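Here is a friendly walk through one protein model, meant to be read with the viewer open. Please keep the sequence at hand as well.

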Amino acid sequence: MHISLQAETITHLFGLPITNSLVLSLLTAFLLVGGGLFVVYSLKLIPQKLQNAAEVIVEGILTFMGQALGDKEQAKKFFPLVATIFLFILLNNWIGVLPGIGSLGFYEMDHGQEVFIPFFRSANSDLNTTFALALVTMVAIQWYGIRKLGFLAHAGKFFVFTKGPIQFFVGLLELVGEFAKVLSFSF
């Protein structure tokens with residue numbers, strides 16, 4: 001049995017490699033965007049089944065976030081990012097267990113051995129996808145922190161010069177911790 005940690009390239013488009021996990025990432029993105037646009041353009045005053053389902057999902061996520069953050073206004077502020085990441089991961093996982101995902105593909109010679117390369121691979125099984133999501137999350141956290149506190153106050157939690165050497169060291173550990181979170185979230 002061959003287990004690959006990286007996504008396998010199945011073709012090239014304009015010199016760029018197209019991997020099997022990228023195919024499912026794009027499929028997930030198209031389904032989310034297409035489904036969202038379809039729901040938005042079919043909104044009615046008296047909702048139908050699809051609109052009801054979309055409203056239940058949005059309200060459920062918003063209510064959960066409001067309870068976790070303690071404030072519905074805060075939840076509305078962070079909702080687009082959190083809901084997008086949540087739905088992307090959820091739909092990717094659901095698509096990853098469909099029949100044919102990971103089992104349809106072709107054989108390729110690799111170092112004298114015949115290796116099976118699937119056409120489709122769950123996007124969340126690729127470290128690049130999880131790393132990208134972690135990076136977007138950490139950049140957003142820093143952005144929201146700067147917007148809330150201002151740049152100097154936000155940077156002040158990492159670079160503490162006036163409260164003594166221990167606080168300076170703790171600030172540096174906080175800075176290292178911010179970079180470590182990207183790696184931690186990736187795995």
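The report below goes through helices, a few single residues and a pocket.

This is a predicted model, in which local features need pLDDT of at least 70 and side-chain atom pairs count only at pLDDT 80 or more, while totals for chains, interfaces and linings use all residues. Residues are numbered from 1 along each chain as its sequence is written, and side-chain values use heavy atoms, with hydrogens and water left out.

Let us start with helix 1 (20-41). Helices here are DSSP runs of H or I with at least four residues, strands are runs of E with at least two, and both are numbered from the N terminus. Helix 1 has 22 residues and covers 32 Å from its first C-alpha to its last. That is close to the expected 32 Å at 1.5 Å a residue, where the expected span is 1.5 Å times one less than the number of residues.

The buried residues of helix 1 are Asn20, Ser21, Leu24, Ser25, Thr28 and Val39. Looking down the helix axis, these buried residues fall within an arc of 155°, so they line one face of helix 1; the arc is that of the directions from the axis to the C-beta atoms. On the other side of helix 1, Phe30, Val33, Phe38 and Tyr41 are exposed. Buried means under 20% relative accessible area, exposed means over 50%, and partly exposed lies in between (1.4 Å probe, protein chains only).

The cover over the buried residues of helix 1 includes strand 1, strand 2, helix 2, helix 3, strand 4 (113-118) and helix 4 (127-149).

Two further residues of helix 1 are worth a click. Val23 sits in helix 1 and is partly exposed, at a relative accessible area of 24%. Setting aside neighbours within four places in sequence, Val23 is in contact with Ile10, Ile18 and Phe120, where contact means heavy atoms within 4.5 Å. Leu27 also belongs to helix 1, and is partly exposed with a relative accessible area of 37%.

**Helix 4**

Helix 4 has 23 residues and reaches 33 Å from its first C-alpha to its last, close to the 33 Å expected at 1.5 Å a residue. Its buried residues are Thr129, Thr130, Leu133, Ala134, Thr137, Met138, Ala140, Gln142 and Gly145. Among the elements that cover them are helix 1, helix 3, helix 5 (151-156) and helix 6 (165-186). Just after helix 4 comes Gly150, with a positive phi of about 95°.

Phe14 lies in the loop between strand 1 (9-13) and strand 2 (16-19). Phe14 has a positive phi of about 55°, although it is not a glycine. Phe14 counts as exposed because its relative accessibility is 81%.

Ile101 is in the loop between helix 3 and strand 3 (105-110). Apart from neighbours within four places in sequence, Ile101 is in contact with Leu24, Ile95, Gly96, Phe120, Arg121 and Ser122. Gln67, in helix 2, counts as exposed at 62% relative accessibility.

| Pair | Apart in sequence | C-alpha to C-alpha |
|---|---|---|
| Val23 and Ser122 | 99 residues | 9.1 Å |
| Gln67 and Phe30 | 37 residues | 30 Å |
| Ile101 and Ile146 | 45 residues | 42 Å |
| Leu27 and Thr162 | 135 residues | 52 Å |

**The largest pocket**

Rolling a probe the size of a water molecule over the atoms shows where empty space is left. On a 1 Å grid over the protein atoms alone, a pocket is an open set of points where a 1.4 Å probe fits, with protein on both sides within 12 Å along at least five of seven lines. Grid points are joined across faces, edges and corners, and a volume is the space filled by probe spheres set on the points.

The largest pocket holds about 700 Å³ of space. Its lining has 22 residues, of which Leu32, Gly36, Ala54, Ile57 and Leu87 lie nearest the centre; a lining residue has an atom within 4 Å of a point. Helix 1, helix 2 (49-69) and helix 3 (72-96) each supply at least two residues of this lining.

By class, the lining has 17 nonpolar, four polar and one charged residues. Ala, Val, Leu, Ile, Met, Phe, Trp, Tyr, Cys and Pro count as nonpolar, Asp, Glu, Lys and Arg as charged, and the others, Gly among them, as polar.
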